[in-house]
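Dear colleague,

Please find the structure below, followed by a short account of what was found in it. I would be grateful if you would read the two side by side.

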Amino acid sequence: MALSANIRSSLFMMLGMGVFAVGDALTKYSTQTLNLGQFMFMRGILCILLLVFLASRQGVLHRWRDTLDKITILRGFGEIGATTCYLVGLTHLSLAFVSSVYQAVPLVVTLGAVLFLGEKVGWRRWLSIGIGFIGVLIIIRPGGGGDGTGMNAYALLLLVGVCFTALRDLSTRRINMQIPTVLISAMTSVLVTMTGFVMMQLDTGWVQPTEADLLHVSIAAVLLIIGYHCIILATRVGDMSFASPFRYTSLLWAIVLSYVIFNQAPDQNTLIGATIVVASGCYMLYREAITGYRKRKELRKQKSLSA
């Protein structure tokens, strides 16, 4: 039986989230032997080569100057902050904890859309945003310990990373649709790779990688490209309102991988807070779908009356 467009979209979304989670676990494992800056630099070089190859195959490589506009550079700035904060937090905190905090990204994106893009949000979504942030506070619990599960400098850094991620996503909405996605990804990879090079110099410098290190970095780079490709397919194959809630499956992947690979099980506060954040995010998506349906219905009504 052929799968519907929405079912295929949800499968691509879940696959993409799983691929990203595996890549994050591999990153956390690899940075036990490589400094984080070197890992970012090496992975970035491979990503750039892959993306340049894809852009060449698509015949759009000659349009690389299109990515030098202000909005695309702003998106790159957001990606630098988001990636750096996320990976630094990931090397010091459990994968499940980091993933739980980052479930707040849709809430911050919605808040940013209201404040900076002039989007209208009703009281129900405001309430959902507020409840979601309460969930985040439960996860990081201000005043908690610094054992990788409570509030510490790295947990605060994750919150900064969430804001950078929201900046990246909000900027993406303003990018000219004529600019090929592969070129945007390539430009972003160049900026992140340069950041990794600087971080490497400020840390221990270049360390001769082992064959295992090279293998891990190569796999991480391929997984990153596959993950982005899955997300693009998920957003283009079916309805966004149907596929978006499946982003939260990344938390399930993170919990499993964190326990299996690093023997780090999330504590009760993390699970409770993550449940609240995910539930509030899903409710926001539900309200967005309802609002979109009503707008489409009203538009069809107006067209029928004017016909």
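A nonpolar surface patch of about 520 Å² is formed by Y29, V256, Y259, V260 and I261. Patches consist of residues with over 30% relative accessible area and no salt bridge, like charges being joined within 9 Å and nonpolar side chains (Val, Leu, Ile, Met, Phe, Trp, Tyr) within 5 Å; accessible areas come from the Shrake-Rupley method with a 1.4 Å probe, and for residues only the protein chains shown count as cover. Helix α11 (residues 249-262) supplies the largest share of this patch, 4 residues; helices are DSSP runs of H or I with at least four residues, numbered from the N terminus. I261 belongs to α11 and is partly exposed, at 44% relative accessible area (buried means under 20%, exposed over 50%, partly exposed in between).

This is a predicted model, in which local features need pLDDT of at least 70 and side-chain atom pairs count only at pLDDT 80 or more, while totals for chains, interfaces and linings use all residues. Residues are numbered from 1 along each chain as its sequence is written, and side-chain values use heavy atoms, with hydrogens and water left out.

In the loop between α11 and α12 (268-306) lies N263. Its phi is near 55°, a positive value in a residue other than glycine, and N263 is exposed, with a relative accessible area of 60%.

The whole structure holds 3 salt bridges, each defined as a side-chain nitrogen of Lys or Arg within 4 Å of a carboxyl oxygen of Asp or Glu. E79, R168 and D169 are linked in a network of them. In the pair of E79 and R168, the closest N and O atoms are 3.3 Å apart; E79 lies in helix α3 and R168 in helix α7, so this pair ties together parts that are 89 residues apart in sequence. E79 is buried at 5% relative accessible area, and R168 also counts as buried, at 17%. D169, which is partly exposed at 25%, pairs with R168 at a closest N and O separation of 3.0 Å. The remaining bridge joins D66 to R63, with the closest N and O atoms 3.0 Å apart.

How values were computed. Helices (H or I, at least four residues) and strands (E, at least two) are DSSP runs, numbered from the N terminus. Buried means under 20% relative accessible area, exposed over 50%, partly exposed in between (1.4 Å probe, protein chains only).
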